[in-house]
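Here is a short walk through one structure. Keep the viewer open and follow each stop in turn.

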Amino acid sequence: MERDNHQEGVAEGVKICDPPAESNPPADTLATSLSLLGNHMFPDPVERNYGTTVNREEPVDSLLSDVSAEEPSLNAESHSNQVTKLETEETESPECQNNVATQPSDRGAQDAATDSDQGDSGEFVVTMLAKAKLEEQGLGMKGRSSPLLEAGTEEYPAFMSHRDEDVTADSWRQHRKHVFVLSEAGKPIYSRYGSEEALSSTMGVMMALVSFVQSGDNIIRSVYSEENTVVFLQKGPLVLVCVSSSRQSERQLRGELLYVYYQIISMLTQASISRIFEHKKNYDLRRLLAGSEKILDGLLNLVDSDPSFLLAAVHCLPLASSLRDSLSQILQKAITPNLVFSILIARNQLLTIVQEKTVIEDTRLEPADVHLLLNLIGASSAFQAGEIWTPICLPLFNPDCYFYAYISYLDPPECTVCLLLLSTDKEAFYSVAECKRKIEEAMVAQNSLSLIAKVQSYSVSQVGVSDLRHFMYKPFDVPDNYRQLTQFTSPEMEAPYSSEEEKMRLLDLYRYMHSRIHSTSRPLKLIYHVAERETLLAWVTSKFELYTCFSPLVTKACAITAITKLLRWIKKEEDRLFIRYPPKYSTTPNPSKSSRGGKSDQQDSTDNGFLSLL
Amino acid sequence: MPEVSKMKKPDVKVVLLGDMNVGKTSLLHRYTERKFKDTISTVGGAFFLKQWGPYNISIWDTAGREQFHGLGSMYCRGAAAVILTYDVTNWQSLAELEERFLSLTDTANHDCIYAVVGNKADLTDPNAQLYQDSNVAPEDQTECEEERPEPQVLSACPTPPASPASLSGSVLHKQVAPEDAVAFYGRILRYKGLDEKSSLPAEKMCFETSAKTGYNVDTLFEALFDLVLPSILRKRNENQESPTVDLEECRGASNKRARSSCC
């Protein structure tokens, strides 16, 4: 079955993965002249034309140039790439215009590159271009715009190293990826590097840019320069900005900003953030987020180093299904009213997860929510001795309500195995802690901890395909595992990808493949990419998404045979690699009353201290 | 192993309250681990069990951040002792205790005792700065040795990266005098409707500590545990007299539920 698919996929792939036709002359010139500016302000006619023709227009020699077109390394990419980005943007625009017409002020419309008034759009482009350049300078010379004075008098928290960073220094500018969060009033909320105060004028410029574009009933999405991509994301009263030299696609960067937004929501809830800013437009949100910077820092480091975020899937530790089942049963037995999720984690990967019955029927845990939880645990692990009880919101489950999370390590002092129990009752600490004792006892009885300690991630050599160096495999929702947590599997990164730099380089290649596969203008099904030091093949079908990395000299035919073997191996190991059938329990005393676990604590969100602020 | 869970039944509850960055977690860490290390901002609250002689003392180390204010009363429910912590170099941190944290203690036991603790004394007080934790005789010799390097580093090199105060090498301006703390203690008693004469005297309940050097930290916790001992004994006796405690707990639980559903 896999085979048929695969044949078909290849055929399709060849058709579709032809390189971009080197663009139309008009777009080309436009691209150069407007390379600074995302092209969201293009006059309509060009856009329409271009958007519809580009996918079809393929030179005859495209097949031949297939490989070579992919060949230029990421670093060497230049003009042609900017054109590609343009395409991406443009094809998005037409559909967005409908959005704008119907709901110009809607938050959802931030995904849209908008064109409003055609009449003055030309003029607008010029102004914007000037503005964008201005912004460019602003970004380049932050130092000069953010007085040292401010930084000098700043009282830094003693131990936050990159909060102290001199924002006027070159090294500050050279960070691969900056992330800024500000309020609509232009108040700084978070900066990944350097202190927010020192950057307040820079953030002011960002906000000016956002509101300038807004004043023309438009939404700014991105600014491109040779070195950096600046991506904007507006979510409610918050503005998130990413300045990246990582060569990731705009869409990927926006996805990362969304994670940052979700992490903030997970700490404060969307409802309370809107409420706060409704009452006081220039509220300093750092008052509530102070102390959470490390959680956001941790998230951004994870986003850069962990492909789970890119794939929007959860990585679970490979485990003999018998052991996983026994762990699930232990969790299943240790329950208390209002407990909704029991999650067992080892080394930042899932061991097993058990859900409340009524919750799972209605909805499921989204990978992004799991990522936020894992990050929270990782970021708070510095103090591991106690049992933690904290409110936490799962933004994709319900952005306005809190769960109460019980976090405790089961193997102090090593602290590798972590238990996470989520309840909807904020008073339930003691009964939930009692569940942990039960789980602890059962795990001692079954010697689970030492079994878990022996578990390792697997090596790609176990697959038995000689040229295969690494892969990431993400099965999609199919009737079989519908409502299951989206997961992916991937072996350890081994030599030559054992150093941090090499790991990052491979991840960058994967990100590039991912951006090509998921390009909005020309989504691909299969892409064979000969890079400088390896060959990659990415393939997406209705059943899975697969990224593979081979030694450099592998041929396309070889790679495809290897993938067939790999898929067979994965099928065989499925039960070990994935959490197949997430078990359930029932803790709701009255299931009919609250069919959604999360809804039942609606009243709690008003009860969490925020009223006192207003 | 079931012994563990049996042993872990807490007898008495102590809660650490105070604004963020005053050093609640560091205080507790100094006391339990005998070390000072960089901690990260506490999320929610962290629950610890401390074996003190034959007794089990549960300690809630809470987050000072406003974000977690909502859970404050839950952490304080049934507390026998509350440690209200401020930073001696930050007047606002004392003010916050009165504004934000005192009301959280409404759910504590009616005979709860209150300690007012000014942390970071090493920043203003040479005594506290030069204090060596090993003087107070930790039981374990190896721990002493671990302990020593820290004060030495402090004196040998005036710029350990951890503290802005030692960075300047000078002593920071003290913003909160002991008298301010004593006055605040008086206001706590008034707030609680307690008689000053029959309550514990302020001199006994106000401390200045340094989690960094260990100054007064053991004194604080030991004194507090000594004082809550009667409450432990009483609870134990009640336990022996009749199995009412379970019922009481049930009632407590149902009260909570009633309260949360009505609002």
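This is a predicted model: local features need pLDDT of at least 70, side-chain atom pairs count only at pLDDT 80 or more; totals for chains, interfaces and linings use all residues.

Begin with the rings. A pair of aromatic rings is described by the distance of the centres and the angle of the planes. Over all chains, the structure holds 27 aromatic pairs. Take Phe341(A) and Phe397(A). Their ring centres are 6.0 Å apart and their planes stand at 85°, so this pair is edge-to-face; the cut-off for that class is over 60 degrees. The pair links distant parts of the chain, 56 residues apart. Phe341(A) belongs to strand β7 of chain A, residues 339–346. Phe397(A) sits in the loop between β9 (387–392) and β10 (403–409) of chain A.

How accessible are these two residues? Phe341(A) has 0% relative accessibility and counts as buried. Phe397(A) is at 5% and also counts as buried, because the limit for that label is under 20%.

Now move to Tyr406(A) and Phe429(A). Their aromatic pair is tilted, with 5.8 Å centre to centre and 45° between the planes. Tyr406(A) lies in strand β10 of chain A, while Phe429(A) lies in helix α19 of chain A, residues 429–445. The pair therefore ties together parts that are 23 residues apart in sequence. Tyr406(A) is buried, with a relative accessible area of 0%. Phe429(A) is buried too, with a value of 0%.

Widen the view. Ring pairs link Tyr406(A) and Phe429(A) into a cluster with Trp389(A), Tyr404(A), Tyr430(A), Phe47(B), Trp60(B) and Tyr75(B).

Next, go to chain B and find strand β4, residues 81–87. Seven of its seven residues are buried, so the strand is largely enclosed by the rest of the structure. In a regular strand the side chains alternate between the two faces of the sheet. Both faces of β4(B) are covered. On one side are Ala81(B), Ile83(B), Thr85(B) and Asp87(B). On the other are Val82(B), Leu84(B) and Tyr86(B).

Which strands pair with β4(B)? Strand β1 of chain B, residues 12–18, runs parallel to β4(B) and is joined to it by five bridges. Here Leu16(B) stands opposite Ile83(B). Strand β5 of chain B, residues 113–119, pairs with β4(B) in the parallel sense over seven bridges. There Thr85(B) stands opposite Val117(B). From β4(B) the chain crosses through helix α4 of chain B, residues 91–101, to β5(B). This β-α-β crossover is right-handed.

Notes
Residues are numbered from 1 along each chain as its sequence is written. Chains are lettered from A and ligands numbered from 1 in the order in which they are written. Side-chain values use heavy atoms; hydrogens and water are left out. Rings of Phe, Tyr and Trp (its six-membered ring) pair if their centres lie within 6.5 Å; planes under 30 degrees apart count as stacked, over 60 as edge-to-face and the rest as tilted. Helices (H or I, at least four residues) and strands (E, at least two) are DSSP runs, numbered from the N terminus. Buried means under 20% relative accessible area, exposed over 50%, partly exposed in between (1.4 Å probe, protein chains only). Two strands pair if DSSP finds at least two bridges between them. A crossover is right-handed if, with the strands pointing away from the viewer, the path from the first strand over the helix to the second runs clockwise.
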